[in-house]
Amino acid sequence: MIKYMNLIATICRFALKDNPSQEVIKAILKLRDSLQKDGLSVEARALGTLVDKAESQTNIALDNKKITWSKSFLSSKSELTISTPLPVDKENNMPLVEVIFPKEINTFQKYHFFDDNITNAIDGILSEWEYAERLRINGIQPSYSCLFFGEPGTGKTELAKYLATKLNLPLISARLDSLLSSYLGTSARNISNLFDFAERYNCVLLLDEFDAIAKYRDDSKEVGEIKRVVNTLLQCLDRRKENGIVIATTNHEGLLDPAVWRRFQNKIKVPKPIKAIREKIISAYLSPMTISKTELSFLNLVLDGFTPAEIKNCIEFIKRFTIINEYKSVDLYHAIKSYFVINANYNNEITKSILAGSDHELAKNLILKHDYSIQDVSILVGKHKSTVSRWVKDKNE
């Protein structure tokens, strides 16, 4: 019986849709009682919750306040394991999701740092979920949907993983490349199957790079199909907010339709890190290598305007450069110069001087605009203090 419970629960869920008859409800309650008698209390609660939900939805038109949340909100669902079969696209058999379990992402806090605004926002969301039952008792519905937006590489997906970790729940990440299909009706069906799968388990549903669906809607060649996809998505989001947690991320929030945007109760912009946060990120990725405070300050200045992902890429290059050249300590300046030769798309006043090979311009910039001492700059660029002093004094250099 246990091995067929997912199938049984799915059949019962469909049977209870759209104002089920009393005969259907009685039959499912009878099955629930039989499961309880056989000692399958978790499975029995799951069916009981389905019936409670169906009855609440039947009464919604009469009295909206009658909708109640089950106290067994999480315990009523199945546990997602590594052996759980994943939903697939029936046309090409590609998985629609990938699952990330909490134990795989427990190093998050070692490398990821955010400013107080983001931290406080995340803590607020977690508090709502922690005290969800108390909120419901007082007639308030917790906010179970969150949209992270901002530039690529700022850590939006990692924040979703962090939230799942804090809740000790697996993260179901939708594979949008599999969801969207060229076959008529397949994309809408895939989206529906994705949400049906998520509703069966205790999990956090992640719609990463969510704007892919918005871009798909703008395809003027397949207007009918696009409308079908969007309508299905909106319906699934409405259903999900009463049944579980959904997080979406996007690099292009301007592409999202207002109807989609409104489905998310929390909308958080994840910015590039400020100076203090950059220093923490740099230090974390640089370990176990060490550099002086002056060098750390300089590297922080160089990486101004970089995303965490870009900072990680730069630090990893510096480590490779140091190891390959068999230096006993980090030759920071030459490592940075080498890095920007092969990553010349980054531009700020410091990187421009580095790329131009203008050590004297860099020295003047650091001393006159950023309050570096001649001694500090001398060590950074590997020039004698008298040379650096002459650069600063000579206006023609």
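Q: Before we get to pairs, what counts as a salt bridge here?
A: A salt bridge is a side-chain nitrogen of Lys or Arg within 4 Å of a carboxyl oxygen of Asp or Glu. This is a predicted model, in which local features need pLDDT of at least 70 and side-chain atom pairs count only at pLDDT 80 or more, while totals for chains, interfaces and linings use all residues. Residues are numbered from 1 along each chain as its sequence is written, and side-chain values use heavy atoms, with hydrogens and water left out.

Q: OK, how many salt bridges does the structure hold?
A: The structure holds nine. One of them joins the side chains of Lys 161 and Glu 158, at 3.5 Å from N to O.

Q: Where do Lys 161 and Glu 158 sit relative to each other?
A: They are three residues apart in helix α7, so about one helical turn separates them; helices (H or I, at least four residues) and strands (E, at least two) are DSSP runs, numbered from the N terminus.

Q: And is Lys 161 buried or exposed?
A: Lys 161 counts as buried, at 18% relative accessibility, whereas Glu 158, at 24%, counts as partly exposed. Buried means under 20% relative accessible area, exposed over 50% and partly exposed in between, with a 1.4 Å probe and protein chains only.

Q: What does Arg 189 pair with?
A: Arg 189 forms a salt bridge with Glu 91, and their closest N and O atoms are 3.5 Å apart. Because Arg 189 lies in helix α9 (residues 186–199) and Glu 91 in the loop between α3 (41–58) and β1 (97–100), the pair ties together parts that are 98 residues apart in sequence.

Q: Which residue does Arg 239 bridge to?
A: Arg 239 bridges to Asp 196, with the closest N and O atoms 3.1 Å apart. This pair links distant parts of the chain, since Arg 239 is in helix α11 (residues 223–240) and Asp 196 in helix α9, 43 residues apart. Salt bridges that share partners join Asp 196, Glu 199 and Arg 239 into one network.

Q: Switching topic, which residues touch the most other members in the largest nonpolar core?
A: Of its 38 residues, Phe 298, Leu 303, Ile 315, Ile 318, Ile 336 and Leu 366 do. A nonpolar core is a set of buried Ala, Val, Leu, Ile, Met, Phe, Trp, Tyr and Cys residues joined through side-chain atoms within 4.5 Å. Apart from this core lies another, of 33 residues, including Leu 96 and Ile 213.
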